[in-house]
Amino acid sequence: MTHKTRLFASTVLALGLAAPAMAQDVPASANDDVLKIGLIYTLSGPPAALGVQARDGFMLAAERIGEIGGMETEIIVVDDEGRPDLAADKARELVQRENVDFVVGPIFSNILMAIHQPVTSTGTILISTNAGTSNFAGAECNPNFFTTSYQNDQNHEVMGAYAEQQGYQNVFLMVPNYQAGKDSVAGFKNSYTGNVAGEVYTELGQLDFSSELAQIAAFQPDALFTFMPGGMGVNLVKQYSQAGLTSIPFLSAFTVDETTLPATQEAAVGLLGGANWAPDMDNEANRTFVSAYIEKYDSVPGTYAMQAYDAAQLIDSAVRKTGGDLTDRDALRAAITEADFDSPRGDFSFGANNYPVQDFYLVEAVKRDDGYYGTSVKEKIFDDYVDNYADQCAMQ
(Lines give C-alpha, C1' and ligand atoms only; values in the text may rest on other atoms or scores of the structure.)
Protein backbone atom coordinates (compact mmCIF):
# COMPACT_ATOMS: atom_id res chain seq x y z
CA MET A 1 0.00 0.00 0.00
CA THR A 2 1.28 3.45 -0.85
CA HIS A 3 0.28 6.33 1.36
CA LYS A 4 0.50 9.81 -0.08
CA THR A 5 -0.11 12.76 2.24
CA ARG A 6 -0.64 16.10 0.58
CA LEU A 7 -1.91 19.49 1.71
CA PHE A 8 -3.50 21.13 -1.30
CA ALA A 9 -3.40 24.89 -1.92
CA SER A 10 -6.08 26.83 -0.10
CA THR A 11 -7.56 28.96 -2.85
CA VAL A 12 -9.54 28.26 -5.97
CA LEU A 13 -7.00 30.09 -8.13
CA ALA A 14 -4.10 28.15 -6.74
CA LEU A 15 -5.93 24.88 -7.25
CA GLY A 16 -6.59 25.75 -10.87
CA LEU A 17 -9.78 23.70 -10.88
CA ALA A 18 -11.79 23.17 -14.01
CA ALA A 19 -15.53 23.74 -14.01
CA PRO A 20 -17.44 21.23 -11.86
CA ALA A 21 -17.73 17.85 -13.54
CA MET A 22 -21.10 16.82 -14.91
CA ALA A 23 -22.84 13.94 -13.18
CA GLN A 24 -21.63 10.59 -14.42
CA ASP A 25 -22.17 7.00 -13.38
CA VAL A 26 -18.57 5.81 -13.57
CA PRO A 27 -15.67 8.01 -12.43
CA ALA A 28 -12.58 7.94 -14.62
CA SER A 29 -10.60 6.25 -11.85
CA ALA A 30 -12.86 3.19 -11.95
CA ASN A 31 -10.97 1.99 -15.01
CA ASP A 32 -7.58 2.04 -13.28
CA ASP A 33 -5.79 -0.90 -11.66
CA VAL A 34 -5.09 1.15 -8.52
CA LEU A 35 -7.72 1.71 -5.84
CA LYS A 36 -7.54 5.38 -4.88
CA ILE A 37 -9.06 6.68 -1.67
CA GLY A 38 -9.14 10.31 -0.54
CA LEU A 39 -9.41 11.09 3.17
CA ILE A 40 -10.69 14.56 4.03
CA TYR A 41 -10.58 15.50 7.72
CA THR A 42 -10.03 18.51 9.96
CA LEU A 43 -6.37 18.05 10.89
CA SER A 44 -5.46 21.53 12.15
CA GLY A 45 -6.80 23.97 14.73
CA PRO A 46 -8.58 23.18 18.03
CA PRO A 47 -10.73 20.33 16.57
CA ALA A 48 -7.74 18.54 15.03
CA ALA A 49 -7.81 15.73 17.62
CA LEU A 50 -11.06 14.48 16.09
CA GLY A 51 -9.72 14.38 12.56
CA VAL A 52 -6.43 12.85 13.67
CA GLN A 53 -8.29 10.01 15.38
CA ALA A 54 -10.36 9.37 12.26
CA ARG A 55 -7.32 9.43 9.98
CA ASP A 56 -5.40 7.14 12.32
CA GLY A 57 -8.30 4.71 12.61
CA PHE A 58 -8.61 4.43 8.85
CA MET A 59 -4.86 4.06 8.36
CA LEU A 60 -4.68 1.39 11.08
CA ALA A 61 -7.28 -0.71 9.26
CA ALA A 62 -5.56 -0.09 5.92
CA GLU A 63 -2.25 -1.23 7.37
CA ARG A 64 -3.81 -4.39 8.82
CA ILE A 65 -5.62 -5.18 5.56
CA GLY A 66 -2.66 -4.48 3.26
CA GLU A 67 -4.07 -4.18 -0.24
CA ILE A 68 -7.62 -2.93 0.30
CA GLY A 69 -10.03 -4.96 -1.80
CA GLY A 70 -7.08 -7.03 -2.98
CA MET A 71 -5.91 -4.08 -5.10
CA GLU A 72 -2.86 -1.89 -5.07
CA THR A 73 -4.04 0.98 -2.88
CA GLU A 74 -3.19 4.66 -2.79
CA ILE A 75 -4.49 6.82 0.04
CA ILE A 76 -4.41 10.60 -0.21
CA VAL A 77 -4.93 12.58 3.00
CA VAL A 78 -6.05 16.22 2.95
CA ASP A 79 -6.82 18.75 5.67
CA ASP A 80 -10.08 20.68 5.28
CA GLU A 81 -8.92 23.09 8.04
CA GLY A 82 -12.51 23.27 9.27
CA ARG A 83 -13.44 25.53 6.33
CA PRO A 84 -16.41 24.50 4.15
CA ASP A 85 -15.24 26.55 1.15
CA LEU A 86 -11.78 25.02 1.23
CA ALA A 87 -13.23 21.56 1.82
CA ALA A 88 -15.38 21.86 -1.32
CA ASP A 89 -12.33 22.85 -3.37
CA LYS A 90 -10.30 19.96 -2.01
CA ALA A 91 -13.13 17.51 -2.65
CA ARG A 92 -13.24 18.64 -6.28
CA GLU A 93 -9.48 18.21 -6.46
CA LEU A 94 -9.76 14.67 -5.18
CA VAL A 95 -12.42 13.60 -7.67
CA GLN A 96 -11.40 15.65 -10.72
CA ARG A 97 -7.62 15.65 -10.61
CA GLU A 98 -6.73 12.73 -8.36
CA ASN A 99 -9.57 10.55 -9.74
CA VAL A 100 -10.22 8.83 -6.42
CA ASP A 101 -12.71 5.96 -6.23
CA PHE A 102 -13.85 6.84 -2.72
CA VAL A 103 -13.84 9.98 -0.59
CA VAL A 104 -13.86 9.25 3.15
CA GLY A 105 -14.69 11.88 5.77
CA PRO A 106 -15.39 14.44 7.13
CA ILE A 107 -15.74 15.20 10.84
CA PHE A 108 -18.07 18.22 10.84
CA SER A 109 -21.54 18.51 9.35
CA ASN A 110 -20.92 21.90 7.73
CA ILE A 111 -18.01 20.29 5.87
CA LEU A 112 -20.22 17.39 4.78
CA MET A 113 -22.77 19.86 3.44
CA ALA A 114 -20.02 21.48 1.39
CA ILE A 115 -18.45 18.35 -0.12
CA HIS A 116 -21.51 16.17 -0.66
CA GLN A 117 -22.53 17.49 -4.08
CA PRO A 118 -19.01 17.89 -5.55
CA VAL A 119 -18.31 14.24 -4.74
CA THR A 120 -21.56 12.35 -5.26
CA SER A 121 -22.54 14.15 -8.48
CA THR A 122 -19.52 12.60 -10.23
CA GLY A 123 -20.49 9.03 -9.34
CA THR A 124 -17.75 8.84 -6.72
CA ILE A 125 -18.72 7.11 -3.48
CA LEU A 126 -18.65 9.35 -0.40
CA ILE A 127 -18.42 7.59 2.97
CA SER A 128 -18.86 9.82 6.00
CA THR A 129 -17.21 8.43 9.10
CA ASN A 130 -18.72 11.00 11.44
CA ALA A 131 -21.08 13.68 10.12
CA GLY A 132 -24.58 12.31 9.51
CA THR A 133 -26.98 15.16 8.87
CA SER A 134 -30.75 14.67 8.88
CA ASN A 135 -31.26 15.95 5.33
CA PHE A 136 -29.03 13.26 3.78
CA ALA A 137 -30.71 10.61 5.93
CA GLY A 138 -34.10 11.73 4.66
CA ALA A 139 -35.36 13.59 1.62
CA GLU A 140 -31.88 14.23 0.19
CA CYS A 141 -30.57 10.68 0.55
CA ASN A 142 -28.22 9.68 -2.25
CA PRO A 143 -27.16 6.26 -3.61
CA ASN A 144 -23.53 7.44 -3.70
CA PHE A 145 -23.51 8.51 -0.04
CA PHE A 146 -23.02 6.16 2.91
CA THR A 147 -22.11 6.75 6.54
CA THR A 148 -20.41 4.39 8.98
CA SER A 149 -21.34 6.59 11.94
CA TYR A 150 -24.98 7.46 12.72
CA GLN A 151 -27.63 10.04 12.01
CA ASN A 152 -26.59 13.10 14.02
CA ASP A 153 -29.67 13.05 16.26
CA GLN A 154 -29.24 9.51 17.55
CA ASN A 155 -26.53 9.78 20.21
CA HIS A 156 -28.37 12.80 21.57
CA GLU A 157 -31.62 10.83 21.66
CA VAL A 158 -29.84 8.51 24.09
CA MET A 159 -29.39 11.40 26.49
CA GLY A 160 -32.96 12.57 26.05
CA ALA A 161 -34.14 9.07 26.89
CA TYR A 162 -31.85 8.99 29.94
CA ALA A 163 -33.11 12.39 31.14
CA GLU A 164 -36.66 11.12 30.74
CA GLN A 165 -35.77 7.94 32.64
CA GLN A 166 -34.30 9.99 35.50
CA GLY A 167 -37.42 12.16 35.71
CA TYR A 168 -35.65 15.42 34.93
CA GLN A 169 -38.19 18.15 34.29
CA ASN A 170 -36.05 21.21 33.61
CA VAL A 171 -32.97 20.74 31.41
CA PHE A 172 -30.67 23.47 30.07
CA LEU A 173 -29.56 22.90 26.44
CA MET A 174 -26.29 24.31 25.05
CA VAL A 175 -24.85 23.47 21.62
CA PRO A 176 -22.85 25.13 18.81
CA ASN A 177 -24.82 27.03 16.19
CA TYR A 178 -24.42 24.79 13.12
CA GLN A 179 -26.26 21.84 11.59
CA ALA A 180 -24.95 19.17 13.96
CA GLY A 181 -25.78 21.37 16.94
CA LYS A 182 -29.33 21.81 15.70
CA ASP A 183 -29.59 18.07 15.05
CA SER A 184 -28.38 17.37 18.60
CA VAL A 185 -31.15 19.50 20.11
CA ALA A 186 -33.71 17.83 17.83
CA GLY A 187 -32.45 14.43 18.91
CA PHE A 188 -32.55 15.24 22.62
CA LYS A 189 -36.07 16.68 22.38
CA ASN A 190 -37.24 13.64 20.43
CA SER A 191 -36.72 11.52 23.57
CA TYR A 192 -37.28 14.15 26.28
CA THR A 193 -40.72 15.53 27.15
CA GLY A 194 -39.85 17.79 30.10
CA ASN A 195 -39.32 21.55 30.20
CA VAL A 196 -36.34 23.39 28.74
CA ALA A 197 -34.75 25.79 31.24
CA GLY A 198 -32.76 27.52 28.51
CA GLU A 199 -31.66 26.84 24.94
CA VAL A 200 -28.36 28.45 23.96
CA TYR A 201 -26.54 28.25 20.61
CA THR A 202 -22.91 29.24 20.89
CA GLU A 203 -20.43 30.14 18.19
CA LEU A 204 -18.78 27.10 16.61
CA GLY A 205 -15.26 26.97 18.05
CA GLN A 206 -16.11 29.00 21.15
CA LEU A 207 -13.73 28.33 24.04
CA ASP A 208 -14.92 30.68 26.81
CA PHE A 209 -18.25 29.67 28.35
CA SER A 210 -18.30 32.00 31.36
CA SER A 211 -21.44 33.79 30.20
CA GLU A 212 -23.35 30.56 29.54
CA LEU A 213 -22.20 29.01 32.82
CA ALA A 214 -23.49 32.07 34.68
CA GLN A 215 -26.89 31.46 33.08
CA ILE A 216 -26.83 27.82 34.15
CA ALA A 217 -25.93 28.82 37.72
CA ALA A 218 -28.83 31.28 37.73
CA PHE A 219 -31.39 28.84 36.30
CA GLN A 220 -30.32 25.86 38.48
CA PRO A 221 -31.75 23.30 36.05
CA ASP A 222 -32.20 19.61 36.83
CA ALA A 223 -29.41 18.88 34.33
CA LEU A 224 -27.33 20.32 31.50
CA PHE A 225 -27.42 18.71 28.07
CA THR A 226 -24.61 19.75 25.75
CA PHE A 227 -22.80 18.84 22.57
CA MET A 228 -19.34 20.42 22.37
CA PRO A 229 -16.80 18.38 20.38
CA GLY A 230 -13.02 18.72 20.53
CA GLY A 231 -11.43 21.75 22.18
CA MET A 232 -14.85 23.23 22.94
CA GLY A 233 -15.65 20.20 25.08
CA VAL A 234 -12.30 20.29 26.87
CA ASN A 235 -12.78 23.91 27.91
CA LEU A 236 -16.43 23.47 28.84
CA VAL A 237 -15.77 20.49 31.13
CA LYS A 238 -12.90 22.27 32.89
CA GLN A 239 -14.84 25.53 33.26
CA TYR A 240 -17.95 23.67 34.45
CA SER A 241 -15.94 22.13 37.27
CA GLN A 242 -14.17 25.40 38.10
CA ALA A 243 -17.54 27.18 38.26
CA GLY A 244 -18.70 24.76 40.96
CA LEU A 245 -21.58 23.41 38.89
CA THR A 246 -20.83 19.70 39.26
CA SER A 247 -23.91 19.19 41.43
CA ILE A 248 -25.94 19.74 38.24
CA PRO A 249 -25.81 16.53 36.15
CA PHE A 250 -23.77 16.96 32.96
CA LEU A 251 -25.26 15.02 30.02
CA SER A 252 -23.55 15.11 26.65
CA ALA A 253 -22.53 13.45 23.44
CA PHE A 254 -19.16 13.99 21.71
CA THR A 255 -18.08 16.20 24.62
CA VAL A 256 -16.64 13.68 27.06
CA ASP A 257 -14.89 11.07 24.93
CA GLU A 258 -11.50 9.68 24.01
CA THR A 259 -10.52 12.86 22.16
CA THR A 260 -11.15 15.13 25.15
CA LEU A 261 -10.46 12.87 28.14
CA PRO A 262 -6.64 13.03 27.82
CA ALA A 263 -6.99 16.76 28.55
CA THR A 264 -9.90 16.78 31.01
CA GLN A 265 -9.00 13.61 32.94
CA GLU A 266 -10.39 13.65 36.51
CA ALA A 267 -12.61 16.66 35.81
CA ALA A 268 -14.63 14.46 33.46
CA VAL A 269 -14.68 11.15 35.33
CA GLY A 270 -18.27 10.12 36.06
CA LEU A 271 -19.81 12.33 33.37
CA LEU A 272 -22.29 10.59 31.09
CA GLY A 273 -22.68 10.48 27.34
CA GLY A 274 -24.57 8.83 24.51
CA ALA A 275 -22.66 6.68 22.03
CA ASN A 276 -22.88 3.84 19.52
CA TRP A 277 -19.76 2.17 20.97
CA ALA A 278 -17.19 2.27 23.76
CA PRO A 279 -13.64 0.88 23.90
CA ASP A 280 -14.55 -1.75 26.51
CA MET A 281 -17.22 -3.50 24.43
CA ASP A 282 -16.79 -7.25 24.75
CA ASN A 283 -16.29 -8.76 21.32
CA GLU A 284 -13.25 -10.08 19.49
CA ALA A 285 -13.28 -7.48 16.70
CA ASN A 286 -13.29 -4.69 19.28
CA ARG A 287 -10.55 -6.18 21.40
CA THR A 288 -8.37 -6.53 18.30
CA PHE A 289 -9.06 -2.95 17.21
CA VAL A 290 -8.55 -1.28 20.59
CA SER A 291 -5.36 -3.16 21.46
CA ALA A 292 -3.86 -2.49 18.01
CA TYR A 293 -4.76 1.21 18.21
CA ILE A 294 -3.28 1.65 21.69
CA GLU A 295 -0.13 -0.19 20.66
CA LYS A 296 0.36 1.96 17.56
CA TYR A 297 -0.75 5.39 18.80
CA ASP A 298 -0.34 5.17 22.61
CA SER A 299 -3.88 6.44 23.17
CA VAL A 300 -7.38 5.01 23.51
CA PRO A 301 -9.46 5.19 20.31
CA GLY A 302 -12.74 7.07 20.26
CA THR A 303 -15.75 6.69 18.00
CA TYR A 304 -14.06 8.85 15.36
CA ALA A 305 -11.30 6.26 15.03
CA MET A 306 -13.63 3.26 15.22
CA GLN A 307 -16.00 4.55 12.54
CA ALA A 308 -13.12 5.33 10.18
CA TYR A 309 -11.61 1.89 10.88
CA ASP A 310 -14.95 0.44 9.81
CA ALA A 311 -14.98 2.56 6.65
CA ALA A 312 -11.72 0.93 5.54
CA GLN A 313 -13.14 -2.51 6.34
CA LEU A 314 -16.32 -1.63 4.44
CA ILE A 315 -14.43 -0.56 1.31
CA ASP A 316 -12.27 -3.69 1.52
CA SER A 317 -15.28 -5.99 1.75
CA ALA A 318 -17.18 -4.26 -1.07
CA VAL A 319 -14.28 -4.11 -3.53
CA ARG A 320 -13.45 -7.77 -2.90
CA LYS A 321 -17.07 -8.72 -3.60
CA THR A 322 -16.85 -7.00 -7.00
CA GLY A 323 -13.57 -8.73 -7.79
CA GLY A 324 -11.92 -5.33 -8.04
CA ASP A 325 -14.25 -4.28 -10.88
CA LEU A 326 -15.24 -0.71 -10.02
CA THR A 327 -16.91 -0.01 -13.37
CA ASP A 328 -20.23 -1.59 -12.36
CA ARG A 329 -21.41 1.04 -9.92
CA ASP A 330 -24.68 -0.74 -9.14
CA ALA A 331 -22.76 -3.85 -8.13
CA LEU A 332 -20.36 -1.78 -6.05
CA ARG A 333 -23.16 0.01 -4.23
CA ALA A 334 -24.93 -3.29 -3.62
CA ALA A 335 -21.72 -4.75 -2.18
CA ILE A 336 -21.34 -1.75 0.14
CA THR A 337 -24.90 -2.11 1.44
CA GLU A 338 -24.16 -5.74 2.40
CA ALA A 339 -21.68 -4.42 5.01
CA ASP A 340 -19.91 -7.77 5.16
CA PHE A 341 -17.33 -7.07 7.87
CA ASP A 342 -16.96 -7.40 11.64
CA SER A 343 -17.44 -4.03 13.31
CA PRO A 344 -15.94 -3.35 16.75
CA ARG A 345 -19.38 -2.06 17.74
CA GLY A 346 -21.02 -5.44 17.07
CA ASP A 347 -24.31 -5.33 15.17
CA PHE A 348 -24.04 -3.19 12.03
CA SER A 349 -26.13 -3.04 8.88
CA PHE A 350 -27.34 -0.36 6.49
CA GLY A 351 -30.88 0.93 6.34
CA ALA A 352 -32.60 1.90 3.10
CA ASN A 353 -31.09 5.39 3.36
CA ASN A 354 -27.48 4.06 3.60
CA TYR A 355 -27.29 5.07 7.28
CA PRO A 356 -26.42 2.41 9.89
CA VAL A 357 -28.88 0.33 11.87
CA GLN A 358 -27.10 -0.26 15.19
CA ASP A 359 -27.33 -0.21 18.97
CA PHE A 360 -26.83 2.86 21.19
CA TYR A 361 -25.56 3.09 24.75
CA LEU A 362 -25.30 5.26 27.84
CA VAL A 363 -21.56 5.55 28.52
CA GLU A 364 -19.55 6.95 31.42
CA ALA A 365 -16.10 8.56 31.55
CA VAL A 366 -13.72 6.41 33.60
CA LYS A 367 -10.06 5.94 34.42
CA ARG A 368 -9.22 2.55 32.94
CA ASP A 369 -7.18 -0.20 34.57
CA ASP A 370 -4.36 0.52 32.10
CA GLY A 371 -4.12 4.14 33.34
CA TYR A 372 -5.74 5.72 30.30
CA TYR A 373 -9.00 7.66 30.45
CA GLY A 374 -11.88 6.44 28.30
CA THR A 375 -15.58 5.75 28.17
CA SER A 376 -17.32 2.62 29.42
CA VAL A 377 -20.74 1.18 28.60
CA LYS A 378 -23.27 1.53 31.44
CA GLU A 379 -26.40 0.28 29.67
CA LYS A 380 -27.93 -0.23 26.24
CA ILE A 381 -30.60 2.36 25.48
CA PHE A 382 -31.66 1.53 21.88
CA ASP A 383 -31.42 -1.80 20.04
CA ASP A 384 -31.07 -2.01 16.22
CA TYR A 385 -32.17 1.60 16.02
CA VAL A 386 -33.26 3.09 12.68
CA ASP A 387 -33.02 6.88 12.49
CA ASN A 388 -36.16 9.02 12.40
CA TYR A 389 -35.58 10.34 8.87
CA ALA A 390 -35.20 7.05 6.99
CA ASP A 391 -38.85 6.92 5.95
CA GLN A 392 -38.39 10.24 4.10
CA CYS A 393 -35.77 8.66 1.82
CA ALA A 394 -36.96 7.60 -1.63
CA MET A 395 -34.37 4.80 -1.92
CA GLN A 396 -36.76 2.15 -0.61
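How many salt bridges does the rule find across the interface of domain 1 and domain 2? The count is 0, and the points below set that result beside the other computed features of this predicted model.

1. Domain layout. The protein chain is divided into two parts, with domain 1 made up of residues 35-150 together with 280-354, and domain 2 covering residues 153-275. Taken over C-alpha atoms, the centres of domain 1 and domain 2 are separated by 27 Å.

2. Extent of the interface. On the domain 1 side 15 residues are in contact with 14 residues of domain 2, and the area buried between the two domains is about 1,200 Å², with carbon and sulfur atoms giving 65% of that figure. Phe108, Tyr150 and Tyr304 supply 33% of the area that domain 1 buries against domain 2, which is more than any other three residues supply.

3. The largest pocket. This pocket has a volume of about 180 Å³, and of the 14 residues that line it, those closest to its centre are Pro47, Gly82, Phe108, Leu204 and Gly205. By class, the lining comprises 7 nonpolar, 6 polar and 1 charged residues, and at least three lining residues come from each of domain 1 and domain 2.

Methods: Residues are numbered from 1 along each chain as its sequence is written. This is a predicted model: local features need pLDDT of at least 70, side-chain atom pairs count only at pLDDT 80 or more; totals for chains, interfaces and linings use all residues. Side-chain values use heavy atoms; hydrogens and water are left out. On a 1 Å grid over the protein atoms alone, a cavity is a set of points where a 1.4 Å probe fits but cannot get out, and a pocket is an open set with protein on both sides within 12 Å along at least five of seven lines; lining residues have an atom within 4 Å of a point. Grid points are joined across faces, edges and corners, and a volume is the space filled by probe spheres set on the points. Ala, Val, Leu, Ile, Met, Phe, Trp, Tyr, Cys and Pro count as nonpolar, Asp, Glu, Lys and Arg as charged, and the others, Gly among them, as polar. Domain bounds come from an automatic or database domain assignment. Contact means heavy atoms within 4.5 Å. Buried area is the accessible area (1.4 Å probe) that two parts lose on being put together, summed over both. A salt bridge is a side-chain nitrogen of Lys or Arg within 4 Å of a carboxyl oxygen of Asp or Glu.
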